[in-house]
Amino acid sequence: MMTNSHAGGRHCARRLRHSLLCGLLLLCAAWATTASAAVSEPQARALLQALDTRSFEAKGEAAQAIADSQASQKTRWLQALLDGRLGKERRGEQFYIVTDDSGREWPLIDAITFAEAGSGSRRTVDIFKINNDLRTQLQGMIASLSLAEGDERSRLAAADRLIGDVNADNVESVRASREREESATVRDRLDIALALYRVQQGDATALKTLKGNLDTRVRNTLTTVAAGDGELASQAQQVLDGIESKRAWYDRAQTLFFGLSAGSILVLAAIGLAITFGVMGVINMAHGELIMLGAYTTWLIQQALPGQPGLALVLAIPGGFLVAGAFGVLIERTVIRFLKGRPLETLLATFGLSLILQQLVRTLFSPLNRRVASPEWLQGAWQINDALSLTLNRLGVLGFCLLVFAALWALMRYTRLGLEVRAVTQNRAMARAMGVRAARVDMLTFGLGAGVAGLAGVALSQLTNVGPNLGQGYIVDSFLVVVFGGVGNLWGTLVAGMSLGVINQVLQPWVGAVLAKIIVLVGVILFIQKRPQGIFAPKGRVS
Amino acid sequence: MSHATLEPRRDRSRQAFLSRATLITSALLVVGMALVLVLHALPATHPLHVSSATVALLGKYFTYMLLALAVDLIWGYLGILSLGHGAFFALGGYAMGLYLNAQGTALPGWQGLLASFPLAALAVVLAPGILALAFGWLAFRSRVTGVYFSIITQALTFALMLAFNRNEMGMGGSTGLTRFSELLGFRLASDGMTVALFLASGIAVLLAFWLCRAIVVSRLGRVAVATRDAEARVRFLGYRVEHVKLSLFVVSAMLAGIAGALYVPQVGIINPSTFAPLFSIEVVVWVALGGRATLFGALLGALVVNYLKTVLTGAMPDAWLFLLGGLFVVVTMALPRGIAGVLAWRHRQEGAT
């Protein structure tokens with residue numbers, strides 16, 4: 001809670017700063033247009049008039065003239081020309097920019113003063129037409145123009161656009177901007193753009209700059225260069241190989257990340273089971289439905305707080321825990337308590353409960369899947385470089401999983417309840433003789449395991465849609481994870497879940513998703529046959 | 001399950017009840033079949049006429065009863081709870097489905113072999129049998145028991161469901177095998193075929209019932225029950241427990257396969273949903289309701305639950321899962337020995353007074 005409100009505060013501050021900055025920029029822009037029109041109106045008119053020609057070649061020269069001129073409006077003109085929004089009055093001498101060409105009547109502004117100039121249409125305004133060559137040329141001009149002005153962010157974006165787009169026309173101006181540029185990141189980007197141009201021109205020394213660059217455009221250009229022959233081609237091939245192997249490493253990192261995030265879901269689903277099944281020895285087939293209840297709690301809280309998915313999600317964490325935990329305690333009190341020491345019967349009874357819970361949700365809400373919105377801070381991805389990007393929701397689930405695990409481990413290790421749970425597990429009669437209320441411990445432990453299942457549901461709601469069958473798919477996997485990791489061992493569950501997730505992801509590109517899952521299932525079945533105690537067998541004698 | 005603690009007199013009376021139960025069950029099965037045939041032969045306008053659809057439905061129930069018998073054989077008398085018996089049922093069904101599909105059209109590769117009925121019939125028992133042999137050998141050899149065994153059988157059927165859902169398997173993907181036309185040269189959609197399949201299923205149930213009964217009262221059956229009650233003790237007495245388990249498990253899987261093979265032509269479709277863990281575990285509740293460790297209980301349970309299912313899914317579809325779930329809870333908590341347990345208890349009460 002605290003960390004979140006803190007983050008929210010920071011967010012607000014950033015937004016405030018942003019709007020201040022915007023205001024300042026607007027002021028500057030207004031000042032620029034009124035006070036320092038660096039060319040007089042007739043000069044501007046002449047520059048635009050040159051565009052009014054049928055020849056695209058002449059148009060290109062006119063555009064270049066605009067780009068080289070001192071006119072303060074030149075970027076806007078070129079952009080409008082590129083967008084097909086710059087035009088001339090059909091029966092007159094005015095130049096206009098169309099601000100919105102979606103309708104039949106276009107709102108216009110004067111191209112020289114940027115003052116509003118009523119409206120026009122296809123019949124009254126002749127739009128200057130461009131072709132593909134001219135378009136490329138214009139893009140290059142605009143990019144090098146925005147390199148010369150604007151803040152660092154727009155300069156960086158312009159430099160980025162230039163990679164692969166440097167040509168004989170704009171190379172000089174790009175070089176000039178490279179010399180003027182003060183920001184190191186923008187300079188690096190321009191260096192790459194220039195080096196790519198030089199390589200295309202046959203300069204092998206420029207290859208050094210491109211070493212290990214992950215940009216797809218660099219890769220594509222180098223592939224074409226390497227396809228030729230001669231010294232340059234073989235050197236380009238070398239650089240390309242380096243790039244490919246670097247990409248391969250990042251791909252592996254990406255696979256690892258996907259595997260860990262898939263594994264973290266498995267761990268979240270299984271960790272509650274590791275407590276109820278692993279520690280208490282109770283088979284709870286309704287575990288998947290407790291996960292589903294957690295997910296539905298998230299959905300319900302979100303319905304109650306429309307427009308605030310972030311707050312709803314934060315509230316759903318205790319909410320899901322409490323709802324699922326309450327159901328868990330109810331199940332323990334009414335059913336499981338009476339079936340102690342009869343694992344197969346417990347299995348069947350809890351399976352019946354799972355059917356009832358599923359049908360209950362289906363009747364109360366609907367059999368349809370519900371979408372749970374993600375808050376802003378869990379959307380999008382963290383783009384580390386061109387080859388590696390981590391989606392934030394998966395990253396969030398991974399972090400949440402580790403957090404839940406740490407909390408649970410600390411609870412079992414350091415609290416009174418954890419001590420009592422371990423005591424009851426090891427020797428029930430002796431624990432009772434020492435004054436531990438075993439029945440109460442059973443109830444609380446089961447409630448805890450169920451609550452953690454609820455937390456898993458909250459996390460799952462951020463990755464998939466929420467439906468009555470949500471939990472069903474996890475029950476087989478969860479049991480396998482617990483058994484694979486070694487019953488009664490929280491660490492084993494963590495390692496087992498993560499490794500199953502990673503193995504699954506590694507297999508997937510070779511054999512496809514379904515077969516990968518089958519292979520993992522069969523592998524675990526065989527592993528259990530070989531080593532029934534799981535990866536981490538309990539040490540010593542456990543009674 | 002402490003059957004061993006029963007007093008000798010009660011034990012003897014129970015034995016008598018069971019053998020009498022065998023006779024009664026066999027008689028009921030035969031009379032039931034005959035009655036249905038007679039009522040079916042009545043003209044369609046007669047109020048007691050049993051329609052073709054009902055005969056097909058009853059035939060389907062017979063295949064379920066056979067499956068329940070298979071589960072009861074290992075759960076009731078061996079104490080191993082398989083949550084994956086639907087897999088063996090489905091494998092038998094797929095073998096039959098391939099045979100039916102091969103009529104008229106040539107199937108590619110090894111599937112073409114199943115066009116001949118004897119080979120297909122062999123596949124119906126061998127496919128589940130070999131799977132059970134391999135799986136059981138691995139599991140019993142490393143002494144995977146109790147809940148662990150249940151969970152890995154569930155994982156097995158789950159894995160098979162995923163596999164059969166793939167189109168690359170050549171088993172029709174998620175649609176499964178359907179649009180069958182003829183069986184042994186006769187049209188499948190005819191009334192005579194419906195009756196014949198009904199009879200075949202009923203006779204199969206009767207034969208399987210006698211087979212299971214013979215196994216249960218044999219030496220093998222006694223060692224099996226002993227294994228269920230005290231596995232370590234039986235092992236120390238020198239019996240190879242894993243051999244006992246393996247042989248019964250394989251027989252049970254083969255019975256399930258036959259049930260599946262009889263099921264497919266009567267229902268007209270087999271798809272991967274038969275592999276779903278839910279179906280397998282539903283079978284367990286049939287047995288639990290009817291009465292585990294009594295063969296007629298398994299038959300009774302399958303009949304009662306499936307009849308309820310047919311009625312309820314038609315009348316109140318929402319209520320069915322509530323009822324099924326409730327059955328699991330109530331039977332395990334209040335009726336641990338099912339309907340058969342209630343009957344036996346009443347019988348003893350009568351015998352005592």
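**Helix 12, chain B.** I listed the buried residues of helix 12 of chain B: Leu321(B), Leu324(B), Gly325(B), Leu327(B), Phe328(B), Val329(B), Val331(B) and Thr332(B). For buried I used 20 or more other C-beta atoms within 10 Å of the residue's own, with 12 or fewer for exposed, partly exposed in between, and C-beta atoms placed from the backbone. Helices (H or I, at least four residues) and strands (E, at least two) are DSSP runs numbered from the N terminus. I then checked the length of helix 12 (residues 317-334) of chain B: its 18 residues at 1.5 Å a residue should span 26 Å, and the end C-alpha atoms are 26 Å apart, which agrees. The expected span is 1.5 Å times one less than the number of residues.

**Source notes.** The model is predicted; local features need pLDDT of at least 70, side-chain atom pairs count only at pLDDT 80 or more, and totals for chains, interfaces and linings use all residues. Residues are numbered from 1 along each chain as its sequence is written, and chains are lettered from A and ligands numbered from 1 in the order in which they are written.

**Cores.** I looked up the largest nonpolar core, which has 203 residues; Leu66(B), Ala68(B), Leu69(B), Ala95(B) and Val285(B) touch the most other members. Helix 2 (residues 52-78) of chain B gives the largest share of this core, 18 residues. A nonpolar core here is a set of buried Ala, Val, Leu, Ile, Met, Phe, Trp, Tyr and Cys residues joined through C-beta atoms within 7 Å. A second, separate core has 54 residues, including Tyr96(A).

**Strands, chain A.** Tyr96(A) sits in strand 2 (residues 95-98) of chain A, where Tyr96(A) and Val98(A) on one side and Phe95(A) and Ile97(A) on the other are all buried. In a regular strand the side chains alternate between the two faces of the sheet. Strand 2 of chain A runs antiparallel to strand 1 (residues 86-89) of chain A, with three bridges, and Phe95(A) is the bridge partner of Lys88(A). Strands pair if DSSP finds at least two bridges between them. Three bridges also join strand 2 of chain A to strand 3 (residues 106-110) of chain A, again antiparallel; there Val98(A) has Leu108(A) as bridge partner.

**Chain contact.** I counted 32 residues from chain A and 37 residues from chain B in the contact, a pair being in contact if their C-beta atoms, placed from the backbone, lie within 7 Å. Helix 14 of chain A supplies the largest share of the chain A side, 14 residues.

Note on methods. Contact = placed C-beta atoms within 7 Å.
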